[in-house]
Amino acid sequence: MSLASVLSSWLRRLTAPPVPLRLRYARRARPLAAIAAGIVAAAVFVVLYYATLGLLPWAFAYPTTDWPTPTWTHRLDLAQFLGSFLHPPYPTPFTWVLGLIVLFGSLVGLALVYAVLLSWTLQASDVVKGLGFGLAAGLGLAAFISIANGLHPAIMRNTLPDTGLLLLGWSNWAPVQLLLVHATYGAVLGHLYRTRP
């Protein structure tokens, strides 16, 4: 047996057969459909997040504003967190609006990432895949918040609460709430962005 035949044999085993063009076409990324599904899923996320934020216990901070509602003031409001991170140092009504725009846009952008990942793996979308994607996004956001707590100007001035590692320094319910709304976002996204074979 020659070296060329051994390499040829291993090369045949390691390379997958080519994917039919029809399947590639059927499972291509559809940006407009992903954006539409992302807008609806992001709207569901925002409504569910702010409906459940007031149920969490207070976190220690001295907020500089109670806008848009005092119910969310002493909690980690994602819009205020993102907005005051981009426009430091203190939370204001402007930073809340800026953060809400960034949060909504990020969720729509994640829908495009979801569509590209499905297209890359040649898989069809369903609720289970969307749920897994949403939970992964929620864990990623919790990790980002954990790291950003040491860099955030408003948290350093104690105008936003320092939630600790994976939000567990705030409450045991905070990561549950964050993962729940992300899972709902992912399930809605997976349901709305369907690709037919």
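Leu-86 is placed in helix 4, where helices are DSSP runs (H or I) of at least four residues, numbered from the N terminus. The model is predicted, so local features need pLDDT of at least 70 and side-chain atom pairs count only at pLDDT 80 or more, while totals for chains, interfaces and linings use all residues. Residues are numbered from 1 along each chain as its sequence is written, and side-chain values use heavy atoms, with hydrogens and water left out.

**Packing of helix 4 and helix 5**

- The axes of helix 4 (residues 78–86) and helix 5 (residues 93–121) cross at roughly 105° and come within 7 Å; axes are lines fitted to C-alpha atoms over the stretch in contact, with angles from 0 to 180 degrees between N-to-C directions.
- Helix 4 is therefore roughly perpendicular to helix 5, a term for angles of 65 to 115 degrees.
- The contact (heavy atoms within 4.5 Å) includes Leu-78, Leu-82 and Leu-86 of helix 4 and Trp-96, Leu-100 and Leu-103 of helix 5.
- By class, this contact of helix 4 with helix 5 has 9 nonpolar, 5 polar and no charged residues; Gly counts as polar, and Ala, Val, Leu, Ile, Met, Phe, Trp, Tyr, Cys and Pro as nonpolar.

**Nonpolar surface patch**

- Phe-85, Leu-86, Phe-144, Ile-147, Leu-151 and Met-156 make a nonpolar surface patch of about 620 Å²; patch residues have over 30% relative accessible area and no salt bridge, and nonpolar side chains are joined within 5 Å.
- Accessible areas come from the Shrake-Rupley method with a 1.4 Å probe, and a salt bridge is a side-chain nitrogen of Lys or Arg within 4 Å of a carboxyl oxygen of Asp or Glu.
- At least two residues of the patch come from each of helix 4 and helix 6 (127–148).

**Backbone in the loops**

- Pro-89 lies in the loop between helix 4 and helix 5, and the peptide bond from Pro-88 to Pro-89 is cis, with omega near 5°.
- Leu-122, in the loop between helix 5 and helix 6, has a positive phi near 55°.

Conventions. Parallel < 35°, antiparallel > 145°, perpendicular 65-115°, else oblique. Patch = residues over 30% accessible without salt bridge, like charges linked within 9 Å, V, L, I, M, F, W, Y side chains within 5 Å.
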